[in-house]
Structures are given as C-alpha cells and as structure tokens.
Amino acid sequence: MPNVSNLMGNSLPTDIIDVLRSAARVASQEPGLASELYLVGGMVRDMLRGEGSGDIDLSVVGDGPGFASALARDLNGNVTKISEFGTAAIAAASLDIDVATARAETYEHPGALPQVSASGITEDMARRDFTINAMAIDLSGGGWGELLDPYGGMADLMMKRIKTLHQDSFADDPTRALRAVRYEARLGFKLQATTVKDIQRDCVHFDAVSPARILADIRYILGESQRVDALTRAEELGILGCISPALRIPRRSLQAIRETPTREPVFHVALIGARLTKAEATTLIDRIEPPADWREVLLAGTKYQEIASVLERSDLRPSEIADLLEGFSPLSLEAQLQLAPATRQKAALRSWLEELRFRKPLLTGNDLLEAGVPQGPIMGRLMDELRRANLDRSVGTRDDELSLVKRRLPMLLAGESGK
Ligand code: ATP
Ligand code: MG
C-alpha cells in the first residue's frame, strides 16, 4: 500500500490538512465513535489527479453521526444534517465535511434504496460507484497517509477511465448512470465499454427510482460547468429516455445552454422546457417533481409556442406585444429570446424584455381622482387605456395623458349611465 502523506502535505490546502488532523485526534480520543477513520470520495480522487476538490468526505468505522458531533465541537462548527444511512454533514468555517459510517449495502430489488449495515472499510469501498471513487486514505494515527485502492482506481485515473466495480452496479442504483456522465464530462474521462453496456442494459431500472433522487442528480449535472457534455452523453446513452420519454433536449437547446454558461440552473431548465409539448412538460414534471420555479418554466414552453407565430406579424403594436407576453415570467421569455431565430419574434421579445415591460403611465390613480375620475371600473378602464397609449407612444407627457383622460372621461361616464 503506497503512503501518500507527502502528497497530502504538499497538495492539500492547510485548512483542510488541519481539519484532517483534528479528525484524527478526535478519533484517537474517541475510539468508540471511530475505531478507524478514512478520507474517501472526490478529495482522494482529485488529489491523486493533482487537482483541488470541494467537500471533505470522511468514512469512520463506528458511529458516523456520533463522530460528526464530536468533530463539529472540536472545530467549532455545526452538524447540519443527519441521515438514516448513518451519515452526517458538518459546516465548519468555510468547509463542508461529510461523515459517513462505513457500511455494507444490499439491494432487495433493482433501484431500491439499499439496506445498510455497519461494516469495515473494505465493504464500504465495495458499495461505491466507480473505481476512481473507491479509494480511501487512512487517517488513523499509525496509518496516516496509507492509500487503500482495492479496485485499481489509481490505474483508472491514469487511464482516464470510468469503470464500475461490478456489472450489476446500475441495477442496484441507476442514478450512478447520471453520476457516470457527470464525471466523464467534468474530468474529461471516458466510460469503459463494458460500463456503457451495463448502463444501457440496466437503465430501465430508473422506473424504480424516486423523483427526488433523479432530481438531485439532474441538479448536480446542471451545476457542472461541463453540463452540456454530460447532458449530451446522457442523451446519447439513452439515460434521459430511461428517466422519461419526455426528457428530450433538442440540439438547439443544448447549444443555447452552452452559450449561457453563467446563467442560473432554472434558466437552463427553461431552455429545456422551451420546446416541450404540454403533455411532455406534465409527464416530466410528474417524473421529477421539480420545485415551483422549474415547473413554471417547463410549462411556459407550450404556452409560448401557441403565440410564437403571432409575434411574427409585421403589424403588431407594442400594446399587442404586451397583451401576448405579459403573462409570462421574464425568465422564460429570456430563454425564448436565446432560442429565437433572428426574426420579428426575436425583436418583439427583445423590445418587451428590455423596454416595454417597464413603460408605465405617468399619471397615478390619485391624479385621476383629482381629475374627477370616480373610483371603480371607469378608473380601471382609463388606467388601462393610458397604459396602452403609453406603450404605443400616442401619449408622451403628463399633459398628453391628462388630455386623453379629459377626452375619454365624458364618453365613459355616458356609456356607464346609458347601461
Ligand atoms: P464531488 O467532487 O462531486 O463531490 P465525490 O466523488 O466526492 O465528487 P460525492 O457525491 O460527494 O461525490 O460522494 C462521495 C463518494 O460517495 C463518492 O466518491 C462515491 O465513492 C460515493 N458515492 C456517492 N454516491 C454514490 C452512489 N450513488 N453509489 C455509490 N457510491 C456513491
Ligand atoms: Mg464529495
């Protein structure tokens, strides 16, 4: 077993090394909570690749949540989450630390949540997704820096290869297919051919996976800077189709996602929703149960498609553009703008988003009252006429607006009394 303590010392930032040392000290003081302690997951993988990493993942043989509380106290941090699988999260200074009880997992049927039982580190490595993620570094006093690599993760790192530990990995947990394309895209690695076959054979088992778990992995993909590569690959391997036939992402949407790397995830969701039919949008929403803002932009696509051709008309007045676009959230229209061909539709979207939606009458309800307009429907009607006149530029000043009010008020009053 190689010892990588020098590499750790040279490549991990000092605040992380300090946390690892604290964890080792807490483990040695509390052997009942952690008889063994390991650094696992992405930090091991990324350090061995010579890259920085995000979260610290720790695995303890013993009591993960109990150890997490002791470590949080030692670091003046907080335990932010405890799960049924013996895991806990700590926030300390600017670091996020995940602590898991080393565990063995068995799956009663494909896609089911695993039955877990506390175990040693060997079984804990055996339940992991890919060889490159199934390495651990011993942090216990005597063993500090010993690398455990039971599945040849180091060799696969060098070969830039993503490979599962056994052929039933995706049947056990189909969400690993989404993790696979995410790592492929992020690391610039390649899935091993047999792993690709396993995905294609077993991704039908997504049927047994809960919306929440699928949504979580879709979020992770959208959070990656290489999100388009991951989505493209997920589509190519049939993973998206296995999740839902409604989850198809047109090439143009992928390109638009690529063109907007700094936009927030919900904007990219809007780009995915932009060309869905109503049936597809509702099927997809039922499948992944997204939050309200995602739902809204997924459903906006079909509503927009109903009016898109009207926006191509050459005789549209600004107030008519407003009538068509007012009910949409700006974000879903920004997505449509990103996708629109360079036609009148695009110009209409742009003028609404950049200018028309902010144009309001200069007169207020109080001004109208002062001008003798009674409270009630006539007031509403006049405000609306002022709004339209402003949009269409048939008024421009307060005086213009006042004369419109004075001209229209007698007609409206007469109309009302004549009813
Ligand atoms: P990241 O850099 O995205 O945090 P990571 O590899 O640390 O990558 P985590 O989601 O933090 O990923 O998970 C930590 C470790 O837990 C992984 O490296 C892997 O060993 C294991 N793991 C996570 N999800 C699964 C899963 N669905 N199946 C098997 N093992 C998993
Ligand atoms: Mg991690």
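What follows is a walk through this predicted model, from its sheet to its ligand and one of its helices. Residues are numbered from 1 along each chain as its sequence is written, and chains are lettered from A and ligands numbered from 1 in the order in which they are written. As the model is predicted, local features need pLDDT of at least 70, side-chain atom pairs count only at pLDDT 80 or more, and totals for chains, interfaces and linings use all residues, while side-chain values use heavy atoms, with hydrogens and water left out.

Let's start with the sheet. Seven strands make an open sheet with mixed pairing, in the order β3-β4-β5-β2-β1-β8-β9. The edges belong to β3 and β9 (147-148), each with a single partner strand, so one side of each has no neighbour in the sheet. Helices (H or I, at least four residues) and strands (E, at least two) are DSSP runs, numbered from the N terminus, and two strands pair if DSSP finds at least two bridges between them.

Strand β3 (residues 78-82) pairs with strand β4 (residues 87-92) in the antiparallel sense, over four bridges, and Ile82 sits opposite Ala88 of β4. Their hairpin has four residues between the strands, and there Gly86 takes a positive phi near 75°. Next, β4 pairs with strand β5 (residues 95-101), again antiparallel, over six bridges; here Ile90 has Ile97 as its bridge partner in β5. The hairpin of β4 and β5 has two residues between the strands, and Ala93 has a positive phi near 50°.

Beyond residues up to four places away in sequence, Gly64 touches Gly86, Val99, Ala100 and Thr101, where contact means heavy atoms within 4.5 Å.

On to the ligand. Ligand 1 has 14 residues around it, and Gly42, Arg45, Asp173, Arg176 and Arg186 come nearest; a residue counts as near if one of its heavy atoms lies within 4 Å. A polar side-chain atom of Arg45 is 2.8 Å from an oxygen atom of ligand 1, and a backbone N or O atom of Asn133 is 2.9 Å from an oxygen atom of the ligand. Asp173 puts a side-chain N or O atom 2.8 Å from a nitrogen atom of ligand 1. Taken alone, ligand 1 exposes 590 Å², and the protein buries 79% of that (Shrake-Rupley method, 1.4 Å probe; for residues, only the protein chains shown count as cover).

Asp173 also leads us to Thr175, since their side chains make a polar contact at 2.5 Å (a pair of N or O atoms within 3.5 Å; within protein, one must be able to donate a hydrogen and the other to accept it, and residues adjacent in sequence count only if both atoms are side-chain atoms). Thr175 lies in helix α8 (residues 175-187) and, at 4% relative accessibility, counts as buried. Leaving aside neighbours within four places in sequence, its contacts are Phe206, Val209, Arg213 and Asp217.

Last stop: helix α19 (residues 344-354), where Gln345, Ala348, Leu349, Trp352 and Leu353 are buried. They cover an arc of only 120° around the axis, which puts them on the same side of α19; the arc is that of the directions from the helix axis to the C-beta atoms. Their cover includes α16 (292-308), α17 (318-325) and α18 (330-339).

Note on methods: Buried < 20%, exposed > 50% of the residue type's maximum accessible area, 1.4 Å probe, protein only.
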